[in-house]
Structures are given as structure tokens and as C-alpha cells.
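Dear colleague,

I am handing over the structure below, and my notes on its aromatic pairs and on one helix packing follow it.

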Amino acid sequence: MTEIDVNPARRRMFGPFGGIVWLAFVALPAVAMLASRHSVGHDVAMLGLAVAFCLLYGAELMPHRVSTGRVSAHRVALLGALAVVLSVADDSGWGFLFTYVAALAGAGLPGRLAPWGLVACTAAAAGCSAIGGDSGSIVITAAAVTGGVGFMMIGIGSLRRSNEALYAARTELARVAVAEERVRFARDLHDLLGHSLSLVALKAELSRRLLPDQPEQALVHVRELEGVARQALGEVRDAVGGYRRPTLAGELAGARRAFAAAGIDDAVDHAEVALDVEVDATLAWAVREATTNAIRHSGARHAWISVRPDGEDVVVEIADDGRGSSGASGGSGLHGLGERAAALGGRIESGMRPGGGFRLRVSVPRAGPLPAASALARR
């Protein structure tokens, strides 16, 4: 399929040249006038008016005037007056100049002035033809041609403005898409690296503590650290490629391993619920974010994770008995998680637990998002 080029900058390069080339037809009545027996003064005056008409018309064809609907109504009126003088004062066929004026009025006059300019040009063409003694059929033809050209140019001008609006909208959509993709990429990297690097730091600290007295256990943690680092590297590569989609089951298993490494007792209650892939991924990010915050900040001894249906929604709730600071500051992780949930029509709640510690609750519709929301969530 051929794509229509609506780029106004490219099209404006060629628009004025067509109108200026059209002015070559002004030479026809000029030659006819010179071939007739008129005084030198008459010919010079008529040629001077014709040159003035061409220069004024060419000046109004500049792209910044026609393409933006900023053609001067006073200059269009002056062009019309020149056409009236030429067609009345000389019988060499200057009446067709009204088609130039009608075309310029239709394409370039702003707002509601264009139809009124077209009416005035049509009336002037018919009137001057009648004053010149033309027959009724010629008068009607002059009016019809002038009005038809002007009406066509009004349509072309409207189409041009619509195309320019479409081009501007496409440009803005492209800009917004790039900005949203940057936000998505930054959010994914934060969620990926925050969890993995927290676990790397924890394993390194455990290895350092065990190394003098328990080198065998320290070696186990070092090997696990190597595995976590390799996994993090693979996740970053997948994120850069745009292919990674975490799963709830995988993140629950990863959370249990991370809690065990941090010395936090955990309890996971995972009800089997059929989920849309976007919903599953969003809940997986929620588990990862809460696990990372609990390991980093809470100092907790126990953690609880619950996945359960709640009417038309599915709810993931993660809580701990720590200091209650895990995520309480509302950092970029929780903010990004809120954006993911909102894109699917869900919501998050976070804050202190009544009995101490921190609690994160994420609720998302089980059926999945509408197509538009799904596209936004993938970003």
C-alpha cells in the first residue's frame, strides 16, 4: 500500500511553484493586446497593471501565507481590483484573472472569509464580462469557471489543513511513544536490578561473615552469588531486547529463595487462579518489588505472601513484621508498580500494618485489560 505523504514541509516546497508557473498564461492576453492597435500609453499602462498583478499574486503564494491560511484579505481585494481594471479597460481577455483571485481566496483566506471572497470574485467576473458586452452564455461561463476554481481550492485548502493536523498528531504520538518507552525501560531496569543487586549484596555479606570460620558454607553462598549475578545479567539483556515478561510463579519461588538467604521466615499462600499474561506479569513485579524492599529496609524476621481471588479481581498481598519502612517512602519502585496496576484497571495499597511492619496490597482484574490498556502496559 502506498503511504500518503502529509509532510507539510516537503509539500510546501512545490506548492508555490505550480501557482507561479500558472502565471505564464498572463502572457496570452498581453500578446493579444500588443497585437491590437492601441496607443503606447494604453499598452504601457495595461502591462504595468499586469506586472503588478503578477508580483502581488506571487508574493501571496509564499508557503508561510497560503499553507497557514494567512493570506491578506486586503491584498486579495487589491488583486480583484486590478483584474477589474484590466478586464474593463482592455478587451484582450483579461477576465480570466478572476480565476487567480478566486483560487487564492479559496486556498489562503482564513476562516469564513474564503467563501465570501469566492462569492465576490464570481460576481466580479460575471459583472465585468457583462460590462464588456459578452453574451449571456459567456457571462455564465465566466462566473461558473471562477466559482468552480474557487470552490475546488476551498476543498484543497481544507484537505491541506487536515493533513497538516494529521502530521502534527503523528509527530506528537511518536514523541509520546518514545517518552513512554523510556519510562518503561527505566522502570523495568529499576525492578530488575534492585532485586538482583540486593540479593548479591546480601550473599556477599554472608560470605564475608562465614569465610574465616565456615569456608564451606561461604563457598556455597559465593556460588549462589555467581548464579544470581548471571541471572541478573540475562534479565538485563532480555529487558534491553524487550522480550522479558516475569511470571508470578517464578517470582514467588524467587522470593522464597531470597527470604531464605536473608534469614527471613516466609509463608506463601498461592491460590491457583487463571490469569491474563499482562495481569500475571504485573503481579509478578509486585512480588519482586515487595521482596526487594523487605530484604533491603525492613529488618523483618517473618514475611507473608498471599495470592487469592477477590470477586472479579485477583489480589496479591505481601507483609512483614519489620520496621515498617520497606517502601514507605514511596520510591520509584512503588510508583512504577502503581503505573503498571493502573494501566490494567487495578490499584495498589501500601503502608504500616496495625501490628507493626509493612504491607503491600495489589488488586488487578483477573480478565485482563482492554486492548488499549494492554498496549500501554507493555510500554
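Both Tyr-57 and Tyr-100 are buried, that is, under 20% relative accessible area, where over 50% would be exposed and anything in between partly exposed (1.4 Å probe, protein chains only). This is a predicted model, in which local features need pLDDT of at least 70 and side-chain atom pairs count only at pLDDT 80 or more, while totals for chains, interfaces and linings use all residues. Residues are numbered from 1 along each chain as its sequence is written, and side-chain values use heavy atoms, with hydrogens and water left out.

Tyr-57 and Tyr-100 form an edge-to-face aromatic pair, 5.4 Å centre to centre with 85 degrees between the planes; rings of Phe, Tyr and Trp (its six-membered ring) pair if their centres lie within 6.5 Å, and planes under 30 degrees apart count as stacked, over 60 as edge-to-face and the rest as tilted. Because Tyr-57 lies in helix α4 and Tyr-100 in helix α7, the pair ties together parts that are 43 residues apart in sequence; helices (H or I, at least four residues) are DSSP runs numbered from the N terminus.

As for the packing, helix α6 (residues 73-89) and α7 meet at an angle of about 170 degrees, with their axes 9 Å apart, the axes being lines fitted to C-alpha atoms over the stretch in contact and the angles running from 0 to 180 degrees between N-to-C directions. Helix α6 is therefore roughly antiparallel to α7, a term for angles over 145 degrees.

How values were computed
Helices (H or I, at least four residues) and strands (E, at least two) are DSSP runs, numbered from the N terminus. Angles under 35 degrees count as roughly parallel, over 145 as roughly antiparallel, 65 to 115 as roughly perpendicular and the rest as oblique.
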